[in-house]
Structures are given as structure tokens and as C-alpha cells.
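Colleague: Thanks for sitting down with me. Could you bring up the model so that we can go through it together?

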Amino acid sequence: MTDRPLLEINDLWVTYWGRSLLGLSGRPFHAVKGANLSIRPGETLGLVGESGSGKSSIANTVLGLVPAAGGSMRFGDEDLAGMGTRYPSNVRKQIQAVFQDPYSSLNPSMTVEEIVTEPLRVHTTMGRSERRQRAVELLELVSLSREHLERHPHQFSGGQRQRIAIASALALQPRLIVLDEPVSALDVSTQNQIINLLYERRDALGIAYLLIAHDLALVHHISDRIAVMYLGHIVEEGPSDRVYRRPAHPYTKALLDAVPLLDPQAQRARRAARKAAPAIDAPRVSTTGCPYQNRCPHVMPRCQTEMPPAYAVDGGGTASCFLHADRPAVLPASGTGKAA
Amino acid sequence: MFRLIAHRLLALVPLLLIVSVLTFSFTSLLPSDPVDLILGDTGTQEQHEMLRERLGLNEPVVVRYFQWLGRAAQGDLGTSFFNSVSVTSAVMQRLPVTLSLTFVSALIAIIVGVAAGIAAALRPRSWVDRFATLGATIGQAIPNFWFGLILVAVFAVSLRWFPATGFTPISTSPWEWLRSVTLPSIALGLSSSAAIARQVRSAMVGVLQQDYIRAARAQGLSTRRVIFRHALTNAMIPVVAVLSFQITVLLGGALIVEQVFAINGLGTLAITAVRQQDIPMLQGLVLVMVALVVVVQLATDVIYGLLNPKARPS
Amino acid sequence: MNPSSASHIRPVPRRFRWRLNATSVITVTTVSVLVLLALLAIFADWLAPYNPLQQNLIKALQGPSAQHWLGTDDLGRDVLSRLIYGCRIAIIAAAEATAIAIILGVPLGLFIGYKGGWWDWVVMRMVEAIVSIPGIMVAIVIIALLGPGLHRAMIALGILFSTSFLRLARGVVLAEREEVYVRSARVVGAPDSRILLRHILPNIAPPLIVQVTLTVGAVLLAEAGLSFIGLGVQPPNASWGTMLNTAAAYMDLNWFLAIPPGLAIIVTVLSVNLLGDVIRDSIGRGIAVGPRSETATASTDTDVPAAGAAANPLPPREDEVLRVEGLRVVVGEGAGVPVITDLSFGISRGETMGLVGESGSGKTMTGLAILGLMSAGLRTTQGSIVLNGKDLRTLSRRQIEQVRGNEVAMVFQDPTTSLNPAFTVGSQIAEVLRTRQGLSQKQAWARVVELIDRVGIPRPEERARAYPHELSGGMAQRIAIARALSCNPSLLIADEPTTALDVTVQQEILDLFRDLQDEFGMAILFVTHDLAVAADICDRISVMYAGEMVETAEVGALFASPRHPYTRGLLSAMPHASDRNPPLPTIRGNVPRPGSWPTGCRFSNRCDFRIAACEARVPLTGTDRLVRCIRADELQLERAS
């Protein structure tokens, strides 16, 4: 690993425009409000958040499926944000993706060979036999074999389809793969097979992952760093173990506490504690300040007026919360660059 | 409710404008010069020029369009090239005839179609379903005017239950009106009822598989209630969405079926106008028909909004 | 097993086979009709007995005879010959108009669909405008421009029908553009042209073929209509429409004239439409992957009753609300493919029992089977479901409707689809109260507000008037719970009620279940795939795998010492089970689908402890806790040591 980031995102905004009656532009919706992230070569960054947190918007923007509305995204020497949704071939080759639903992410009318070699056709001048050769190699990388080449996606189980999707993503030997909830549509007993596969391939090929998921425990297993998103803001970021074991932001803590434990006794104790805790007052309606103020047990007057900057946290990383105001601010408050 | 109507109304304005432009430009593209058509080879150069001036044909196209549109908005659709009859009065005179046919046939199509569609959907693959589906398939293959001919042969000529031809206005005698529109409306409504039956069936089959139907049944609501309240309300949403199209089809079909029953409606007017290339008449006819369709569409849009809360303006 | 249940095994219906035959009969018939039509058109000059234009006024308006099989028309022309030549016109007409419609419509539709923006807006408004004019009127206007005649009329119809091809092509592009695999192709970097041609265009073929058949039918009808009113084919040429025009004038003299051309049109249009239906159905069928019944027989009828189940049935537990005994559910006709076999369990008042398993384990099906609400094609063939002393399988439809809601209610996985989108949430709860408990409108509404408040929703009066789509997932699920509890049922079946929700919301809903159970005292059958959720909410857990129960135990015991290898594998595979870095523990292979279960122990092909004896069916054994594994005791010792 070098210190130079492979992907560096600064103050990224992603905005969707609603459509009004006559097809004219309507109200803007900011899905991502000034996010900062960086991934080094070969590193895995886990991006965690609940539905509507903006994590998939970041994934789609990095992939060039959705244009950035503001901020910068540097990939090596290239400025992705400036390219909108038109990445040149040399950039496209280096950023690939695996999506959540293996049932809809594979074209039902194509064979496995066609799916796996599609990137090769687009970006290389390989001949047919050469491509077939490569397809077999790729299938073997994901524990499938030559006999599967001629089959169609509907003949495979969910786990096998996800393997095919991974093989296709590996075809061009990319430097970054965006994994958008890669196992959440799979059965529990096959999830770990895919996680192990992703892990092995990463170590063997030195690929960096941007792993989008809602399950902190799962992300913790394979990420080097974790970033937590809430309502378009990155509220905490840091080394995987530190975030998982010593969450610094109240939201991260709430997220971890909400994951049911496999131990019924511990779970019972936790529920009792939850009941004993004082209920948070009726939601305060405030459009300024910290996005988490309405649900935060530690809310202070300051949180309602000011957006907290990212403060450094013991053990590495940052948290955007005034509880850590005694520490130096590393980054300015997100979402202040533009009026939301 | 008011917001809903206003919202829909607003959305229909561009449609009407575009139709008017299309209508006007199409009919202005007619290959032959209307002046030649009217005067033929007779008449002097001067007469030609005078008529040209009188018809306003010397103005640029854009100016003519706005003049025409402005007059049309006030209810003046111009004058026929051939018998100097006002287009508005000619159309209005025959409108009730065609409207009667369209209205009664739409009623028949909706009642028969919805009933058959529900009956078929409740027991997929049963004999009821097969019978309804087969009936609908055949119904859609029968030309309405041919069916009209057969109805005339059987019920008017042989059995003499209904008049074979002609139309009695409802103001003259409601009973005779009903007798005069029954056969044409059945002929006209057949294929639409078949189409509606198929749509209702497929929508209903789809809705009956939804979670909320299962949830309603899990609450112990009676089958009748689940079907008629929970399923039908949702199944009618896609059906209503295409209902205005079906009514448009009926309006067009009426033009032909009128010929079978020698009913003097908009159809006869249109056919005569085509043969004579009577531009103002054709323009007026299209505009009136579109206005009718727009009213129907507005009505179905409002019903759609009432059935589907997601379609209401927030 | 319950001997009375034998009467529930239905006779073998043969509908399925009949339907397949019907489909092939239709295909063969329609194709033959269309081929015959084509042959008549091509060889009309040889096949027609007379010249279709040859007049013979002496023989005018004759009925069928040996010389003129279908009689003669007003000018004494042979009807049969005119009918045969009419085939030619019909085919030319259909081909011409359909081709024009496709050539105009498809490329433009693809273009505006992919391009979007202003192009799309302008073209679509024009299409809407054309569609809002009755089709025949559009054709009339175009004919006014071009003049009457077959080819001109067909150009008119081609333009008219191009709007439907345009909308079809655009619709396909818009739908496919959102597909994840098209997104994948864009990530790969495929250029627009390649995405359009390679990824999107192939998907247009099936609906396009169906649309072609529909258009051909519509063109034939429209051509006949236009010719009938004299704007299409011009006399004396023979088309079916002009023949009907003639017939109409002589209906009172010779009504038979109308029959041959009419039937010709009907049979042709019917054939084309039926062929379109067959094509559409076969496209739909090709993708569906269901259980295959041919492989099923191997594992089906070897059902061994659980050891002891037949001899000494499981002792009923104290205060039992529900007892399921020897339940078997199958899918498909005949003996069917089993999806649940030999399932027995009971739930006591105030107890929460978890039913845990992966997809295809039959856990959700069990909940639906209790309510008698399984999808079409699924049925219970054996066993009993006794709720409050009544066997639900023996009840009539009316009786079971009385039980549902009052004694057993259900909460579904996706709250946004399990509430009816057309009604306010309050009215959906009120409806249950009014129909099931006979409350007045006013009483019901007061109770609705009370219930909504009870499930922890602020401002209940206001929320009661909201529609489901206006609520968040967690809020909607609370409403669904309120509705389920409105009649105070003794059993609540919760089918993955938190799976569709965010984890912080899940926690709130689980707490709500606990609180409500303390208050209402109902038994809960909690169906989930997530063992951790089950650990939180359940008192007792049954683990299901491939349609059968493999282990049942009190929640503490199950997590402390799982006995079945599958339970153990599942537990160690849970994301939060270990802190280790990868490789994470896995269970090899995939969950088998119903119909392809191994013959013996259904987990045997994925089990690390498999021995030869696992080839035989394994009974559920044990007293306080049950396990379906012949090596359970042995493995237990091994683990302990």
C-alpha cells in the first residue's frame, strides 16, 4: 500500500431533480451533502448506512452512473467529477462493480461466456478464442468451470450468479471494484462463500473495494476502514476495528446497538437497558445543525444551530460530533459549502 | 377533488394545442388548391383571386392558423367550401347522433366487459374463464360493421324487433331513441367489451396475487368484500387508465357503424368531406372529436385519481 | 398421522396436460389457416374458378350452387373467386401497413427512449395528440391528403399504427434502461450504441412479435372498415371490405353475400390474434423456473413418520393455542412436489416461537398454510392444524373466515405492499373492526385511533387518514401490526416482519412485539431467516431446512449448544458470530430447491459429518429438545470433549 489515495473524494454533492407537471425541473433533493472519502490502492473501505443515507448515490457517482453535482473525485490522476457520466475507456477499465441483486444484474438473454467477456469485447481487441480462454480462467477464479460457459443466468442459484458477476468485474483487472450490497440478497449459508471469495481475490490481485452495505458486522469483517453515513452526511470514519468496537458518533453506536446479538441473554440485558434509558423528547424540527439531532440522546443546544466539523478521534479516523469538540477539527463541517 | 380536476385540466392544454397545430397543418397540406376544387375549370382568373381573398388563403400559414384557432375558440369553425353551411352548425346538428351511439355502446362495453373480466379472473382456468376468454378473443376479431349487418338481418329484417335504419332523437321519443340505438350500439360495443374484459381479467388476476389481498383475507374479511372492495378498486386502476382510449375507439367505430344503419351522424359528414376535400369541415370534425376525447379523458383521469391515491397531486 | 386427513387428498386433475394440448392445437390450427391464406393469395390465378371481375348480370345475386359455390354478387361475379383474390389484398394490406408502422415506429421509439429529454417530450406529445383522435378519423384525414385507394389507405394505417410501435419500443428502452444489467454494461463502459443494440434491443423482440400480430389483426379490420365506407380499395377490385360494402346494399335481397367475406375476416383476424396470444404466453413461460416434478418422485413418498410421532405423538404443551401435526404441503398437480413434510409443533399462550430457515425451507409456507392462504397450486395434503381446539383443515370457507382475524392474524414481510394502496390506513383497520366485531363507524374509528396510538405512532388521528405510500416502512409495519391485533387474536403469525426495515427500526418493531405480547397475551409464530432476530424475540426456536424441521429447542439451549450440523453451520455463518477475518466459516453448496432434495437426510450433501447411514430418511428424535440427525449425540460428545 502506498500513501497516495487511489480514489479521493472531497466535498461531494449528489443532487436529484424532481420533475414537475410540465416536465420542467422541480425541487432538488440532495442525496449526498459534502462527503469526504479516500481509498488507497488495495484497501477496502466499507460504507455503511440505512436506506436513504446516500451510500448508493456515492457508489453510483463513483461508477459514473450519476453525475456529481459538486465537489471533486480524483481517481489516480484523473478528475472523475469533471467527466460527468462519460468516463473514457482507460478510466472505465479500472473501476468495475458488483450489484446487489444477482437475479437482475445479469442479462437474461446472454450466456455466461458472453456476460463474463463483455468487458473484454468493449475494451480489448482480443479474438474469440482468446476471450474464451480468458473466460475459463475467470470462471475458475470464482470456483466455476468451463462447463458453465454456455449456460444462461436463470440456470444458476443466487450465489452462483453473484460469482458470475464477480468474474465479469474481474475481467479487466480493475484497480477498484464498487460492491453495492453484494451479499444481502443471498441466503445466510451462501453469503460467507461470496465474502471469502471477494477477500481472496482482493489479496491475490491487489484490488481496492468500495463496499456498500447496511450491516456493520459484515462490513467489519472485510473492511480496512469504515465510513458511516446518515442522511447524506458522513458522520464517522476510521479504521474498521476502532469504529466497530469504539464507535465515536452516537449514530454509529445506535446502529451497532440495534444489531441483534446471537446471545439471547446479552440481548435480554440490552433490551432492559434500552427500556430503562429515558425516552428522547418529541422530535425537534430544525433544518440547521447536526442531521442526527432529532434522534440523539446527547443532543446539545449547539447541535441545533451548527453543523459539527469532523473531529479527530482516538484510535484513528474522525467523527462529526460536538462530543469530540475537545479534539482538533480535521475537516470543516460537511454540507456548509452549499446552501442545502 | 377541485385540485385534481384543475391539475388534469392544465395537463390537457398542451395536448389540445398540439392537436390543433397537427390538424391545421395536415389539412393545409392538401395537394389540390381549394379554389380550383370549388370553382373547377370554370370562373375567371379574377373570380379565383376573389375567392382566394375571401377564404383568406393569401395570408401566411401562421397567420391563418391563429385566425382559425381564435375563431375556433369562440365556437366558429368556419364555413364549408361547398354548401356555405357553417361547420359548427353542421357538426352540432349531427353530434347528438354519434354521441348517442358512443355513449350507449360504452355503457354496454363497460358493463359486459367488467362483469366478464371479473367472472373469468375469479376462477382462472375454469370453464367460466375459458368461455369468457374465448368469447373475448372472437369478439375482438369480428368487424363491428359486419356484426351490425348480421344484427340487422336477424333482429330488424327477420324478427322486426328493432328498426333496421335511422335514428330517432331522444327528445322526440326516448323509447324510440333507445330502439334506434340498441342494435348499432351492440354492434359497436362488442369488440370494446371484449378488450375491456381481457384487461379486467389480467388486472384482477394480478391484483389477487398481491400481498394486501392476502393480508385482507388473513384478517378474515369475507371473500365478497375482499374481491369487490379490495381487489376491484385496485384492478380498475389500469382499466380506467385505458378506458378513454376505448371510448376513442368507439367514437371512431361509430363513424363506420352509422353507415350500416344509414344513420346520419358525423360519419356521413366525414366521408362526404373527404370525398370533396372540404378542409374546414375536416378540421372542424377533428377538433370536435378531440374535444370530446379530451372531456372523456378528463373524466377518466379524475376517476383514476380517485381510485389511485398515488396519482393525486400533493 | 391423522387418518381423517386422507379424505383431503384430492383426485388427480388433468387440466395441466389438457392445456398444453390445447395450446399446440391452437398453434397448429392458426398457422395452418395463415399458410392456407398465403397459398390462396399466391396461387389465386390458378385456384379461383372465375375471373373475379367477370360480370354476368343474368346470374346476379344467386345463392350458392354447383357452378358458384358461394353464389354471385349484384353484378353476377363469382363470390368464391372474389374471396380468393381478397386474400391477396388482405395480405398485401397487412404486410404493407405493418411494415410501414414498424419502420417508422421502432427506430424513433428506440431513439427517443434512449435519448430522453426534449426529443422525448416533443415526440410523445405528438403521439398523444394522434392517439387522442379516433384512429379511423386519422386515417380519413390522411386519405383526404393522399386520396383513396389500397396503397394510400395502407400508408395512412401504417402511420396510424406506427404510434403503437413507437410507444412499445420506447417503453422497452425505458424499462430496460433501469435494469441492473444495463447499469452493469454502462459500468463496463459499453458505448451507447452497443448498450442499445446488444443489451436492450434483444428484449424488444418478444413484445414486438406480439405487437405485430395485434397490428396485423387491427390492420385487417381497419382495411375492411375503410373499404366498406369506400375510402380503401376501390371497386371493382375485390377486397373483403368492398365485398361487404356490396353485401350491405343487398342485405334484404341476399343476406348470404355478407357471410363469406365476414367469416374470412373473422377467421383470419382470430388466427392472427390467437397466434399472438400463444407467442406471448410461451415467452412468459420460458423464464419461470419452478420445481421440476420429474426429479421429485425420488424423495417424495418415502416420508418416514418421525420416530415416535406415530407411536407416541409429541405430548401437547401446557395451555397450547396452536398444534400442527404431521403437516405436508405439496405444489403442482397429482402427488405434487412436496415443499413441507412431516411438520409438527405447538405454541402456548403468551409464547413466541421462532421458525427459522433459509429460502426454500418452507417457513413462510407454514404460516400461510395455517391460515389457508397459500398461493394457487399449493395445498396441504396431510396432517392437522388445530387452533383453539378446531382443526382448521376441516373447516368450511365461511368457518375459516370467521377464524381469520378473530383468532389468528398475520403480519407480512413488506408493510408497503401488505396494506391496500387505495384506502387510508385507518379505514383498513376500521373495516376489520366493523365487519368482524360489528362496531359502528364511530366506535370503530375511535378504536382505530387508540390502536394506532398503542403501536407507538405519534399524532394517531392524523396518521389514520394517511395512505400507505405516505408512511415510512417502519410506520406502515406498525399500522399492519395494529390491524392484526385489532380483534385480539390468540395467535399472531409474523412473517419476516422486520426484514424489509432498517436495523434501528427493526429494533423498535421487535420491542413493540414484546410489549404488545405482554399486554395482549397472544402467542406469536415468528418466521425469520435471521437467527439473531430470533434470539432477540423468541422463547423457542424451530430450525427448518428443505421443508422439514431439523431442530427445536428453547432459545437459550439452542444458541448455547446447537445440535444439528445445519444449525451449527448457520450460527457460525452469521456475520456477527465471529470476530475473525476471512476466510469466514461457510456451509458448502447451495440450498436445494423443492423437487431436488437428497433422498435421505436432506442436509447430507452439504454436511461435513455425513456417513453412509445418512442415505436413509432421518426421524426427528428427542424429548425436551428435538433434532433430526442420527449423529447428534455422537457429535455432541465430540464437541464437548
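Modeller: Happy to, and please keep in mind that this is a predicted model. Let me begin at one spot in chain C: Asn388(C) has 13 other C-beta atoms within 10 Å, so the residue is partly exposed.

Colleague: Where in chain C does Asn388(C) lie?

Modeller: Asn388(C) stands out by its backbone, as its phi is positive, near 50°, and the residue is not a glycine. Most residues other than glycine have a negative phi. As for the place, Asn388(C) belongs to the loop between strand S4 (378-387) and strand S5 (390-391) of chain C.

Colleague: Is Ala546(C) buried or exposed?

Modeller: Ala546(C) also has a positive phi, about 45°, without being a glycine. Its loop runs between strand S9 (540-545) and strand S10 (548-554) of chain C. The cut-off for a buried residue is 20 or more other C-beta atoms within 10 Å. Ala546(C) has 26 C-beta neighbours inside 10 Å, so this residue counts as buried.

Colleague: What is the peptide bond from Pro235(C) to Pro236(C), cis or trans?

Modeller: Most peptide bonds are trans. Pro236(C) sits in the loop between helix H9 (205-228) and helix H10 (240-249) of chain C. For the bond from Pro235(C) to Pro236(C), omega is near 5°, and the bond is cis.

Colleague: Which helix gives the most to the side of chain C that touches chain A?

Modeller: In this interface, 52 residues of chain C are in contact with 54 residues of chain A. Several helices of chain C supply at least two residues each, among them helix H7 (180-188), helix H8 (192-200) and helix H20 (503-520). This side of chain C divides into 29 nonpolar, 15 polar and eight charged residues. The most, eight residues, comes from H7(C).

Colleague: And which helix has the largest share of the side of chain C that touches chain B?

Modeller: Here 61 residues of chain C are in contact with 62 residues of chain B. By residue class, this side of chain C has 38 nonpolar, 14 polar and nine charged residues. Its largest share, eight residues, belongs to helix H5 (residues 135-146) of chain C.

Colleague: Let's turn to chain B. How far apart are the centres of domain 1 and domain 2 of chain B?

Modeller: Chain B has 12 helices and zero strands, and its C-alpha trace spans about 85 × 60 × 35 Å along the principal axes. The chain is divided into domain 1 (32-76) and domain 2 (92-311). Taken over C-alpha atoms, the centres of these domains of chain B are separated by 39 Å.

Colleague: What distance separates the end C-alpha atoms of residues 99-122 of chain B?

Modeller: An unreviewed UniProt entry lists residues 99-122 of chain B under "transmembrane region", along with 134-157, 226-247 and 286-307. In the model, residues 226-247 of chain B are 100% helix, with end C-alpha atoms 29 Å apart. Residues 99-122 of chain B are likewise 100% helix, and their end C-alpha atoms lie apart by 34 Å.

Colleague: On to chain A. Which strands are the edge strands of the open sheet of nine strands?

Modeller: The order in this sheet of chain A is S6-S7-S8-S3-S9-S10-S12-S11-S13, with mixed pairing. S6(A) and strand S7 (residues 176-180) of chain A pair in the parallel sense over four bridges, and Val98(A) stands opposite Leu179(A). The strands that pair on one side only are strand S6 (95-98) and strand S13 (329-331) of chain A.

Colleague: Last one: what covers the buried residues of H3(A)?

Modeller: Helix H3 (residues 112-123) of chain A has buried residues including Val112(A), Ile115(A) and Val122(A). Their cover includes helix H4 (128-141) and helix H5 (158-170) of chain A, together with H7 and H8 of chain C.

Conventions
Residues are numbered from 1 along each chain as its sequence is written. Chains are lettered from A and ligands numbered from 1 in the order in which they are written. This is a predicted model: local features need pLDDT of at least 70, side-chain atom pairs count only at pLDDT 80 or more; totals for chains, interfaces and linings use all residues. Two residues are in contact if their C-beta atoms, placed from the backbone, lie within 7 Å. Ala, Val, Leu, Ile, Met, Phe, Trp, Tyr, Cys and Pro count as nonpolar, Asp, Glu, Lys and Arg as charged, and the others, Gly among them, as polar. Domain bounds come from an automatic or database domain assignment. UniProt positions are given in the numbering used here, feature names are shortened, and annotations may be inferred rather than shown by experiment. Two strands pair if DSSP finds at least two bridges between them. A residue is buried if 20 or more other C-beta atoms lie within 10 Å of its own, exposed if 12 or fewer, and partly exposed in between; C-beta atoms are placed from the backbone.
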